[in-house]
Amino acid sequence: MLIRRTPDIRPSEITGETVYLNRRRFLSTAGVVTAGLIGQGSVMAGLTGDAGATGQVLEGVRQSAFGAGLTPNSWEDITTYNNFYEFGTGKSDPVENAQAFRTRPWQVEVTGYCDKPGTYAYEDVIRDAALEERIYRLRCVEAWSMVIPWVGIPLADILKRFEPNSNAKYVRFRTLFDPEQMPGQRRRVLDWPYVEGLTIAEAMHPLAIMAVGVYGRVLPNQNGAPMRLVVPWKYGFKSIKSINQIEFTDRQPRTSWEMAAPQEYGFYANVNPEVDHPRWSQARERAIGAGLFAPKQETLMFNGYADQVGHLYQGLDLRRNY
Ligand SMILES: Nc1nc2c(c(=O)[nH]1)N[C@H]1C(S)=C(S)[C@@H](COP(=O)(O)O)O[C@H]1N2
Ligand SMILES: [Mo]
């Protein structure tokens, strides 16, 4: 696999994962993993300087209890093995083709059933939000997985700023459409722009975040800069990248993958080892970074987050609502 660093950081600047993990371990053994001592981070505090160049260290990121016991994949795995079809369908296409992608200035259009619609600058969407590290499993529908130390903001905190009203039953998210910058959009692999959606209850769930960083640094373009959803109990394709529109709606949005292959990719897309994809089993997954000969690992119901999210789907037939 291609090994490459983002061009605007010198290798000497990169905190190796080992150093990073040791720091985390030190912080937890020292018992200082609390918001107060480490500092209440905010994106604006974190992004002073040149407004968030890829790879820049985010200041004041609060550690969280999420992910205790999980060992993150390497920076290399997370930033060179990607799905981002706007930049090509190969796993190393995004890192190769997204480096010149402009993520500043960035605007987000907020529409639909809310009291504060409008076009917001990225900086205003995330202003004063507390940055948290969340180490989550990512399970792709293609049956591979990683563990990723995201830096993000609870999605609920962002959405509440727009004051959704009682007609808002779903939230629809859209990725930028710009074929000049996104070569993959010049081919009709999907019906561009990429669209995803959640029920309002899913979107407001504390596990759902808007990620703006990874490994304590500004999110690399190939991972969905400047901001992308992370919904860890669902297949990876729900975690839409480079979002420039948020719509509050009363109808279940038709998502890109659902439109492309409705019998294969449903709206819910909850990770479920008991419901196979029509063309392959979902019972196991290949852990990226575990080595070529490592046995596959068992896929967990709701990707291991059943205790937290199971109640959202009580009474729902998970086989029909795949
Ligand atoms: N806009 C957009 N978002 C996207 C995708 C995509 O092709 N386009 N791929 C999805 C898929 S299939 C996965 S598995 C994750 C991968 O995220 P990562 O590359 O940061 O690991 O992004 C998701 N978000
Ligand atoms: Mo995926």
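A residue is called buried when its relative accessible area is under 20%, exposed when it is over 50% and partly exposed in between, using a 1.4 Å probe and protein chains only. These legends describe a predicted model, in which local features need pLDDT of at least 70 and side-chain atom pairs count only at pLDDT 80 or more, whereas totals for chains, interfaces and linings use all residues. Residues are numbered from 1 along each chain as its sequence is written, and side-chain values use heavy atoms, with hydrogens and water left out.

**View 1. Q263 in the loop between α9 and β11.** Q263 is exposed, because its relative accessible area is 53%. The loop that holds Q263 runs between α9 (256-260) and β11 (284-287); helices (H or I, at least four residues) and strands (E, at least two) are DSSP runs numbered from the N terminus. Which residues does Q263 contact, leaving aside its neighbours within four places in sequence? They are P278 and Y322, where contact means heavy atoms within 4.5 Å. Q263 and P278 are 15 residues apart in sequence, and their C-alpha atoms are 7.8 Å apart in space.

**View 2. The aromatic pair of F101 and W106.** A search of the whole structure finds 15 aromatic pairs. Rings of Phe, Tyr and Trp (its six-membered ring) pair if their centres lie within 6.5 Å; planes under 30 degrees apart count as stacked, over 60 as edge-to-face and the rest as tilted. F101 and W106 form an edge-to-face pair, at 5.9 Å centre to centre and with 85° between the planes. F101 counts as buried because its relative accessibility is 5%, and W106 counts as buried at 5% as well.

**View 3. The aromatic cluster around F267 and Y268.** The ring centres of F267 and Y268 are 5.4 Å apart and the planes stand at 85°, so this pair is edge-to-face. Both F267 and Y268 are buried. K238 lies over the face of F267, at 4.4 Å from the ring centre; a charge sits over a ring if NZ of Lys or CZ of Arg is within 6 Å of the ring centre and within 35 degrees of the ring normal.

**View 4. Strand β1 with its partners β2 and β10.** Two strands pair if DSSP finds at least two bridges between them. Strand β1 (residues 107-112) runs antiparallel to strand β2 (residues 118-121), and four bridges join them. A hairpin of five residues connects β1 to β2. Within this pairing, E109 has T119 as its bridge partner, and V110 stands opposite G118. Strand β10 (residues 243-249) pairs with β1 in the parallel sense, also over four bridges. In β10, the bridge partner of V110 is I246.

**View 5. Two segments with pLDDT under 50.** pLDDT is the predictor's confidence in each residue, from 0 to 100. The protein averages a pLDDT of 88, and 84% of the residues score at least 70. Over residues 1-14, pLDDT stays under 50, and the model has 32 contacts beyond four places in sequence for this segment. Residues 25-51 also stay under 50, with 49 such contacts in the model.

Methods. Chains lettered and ligands numbered in written order.
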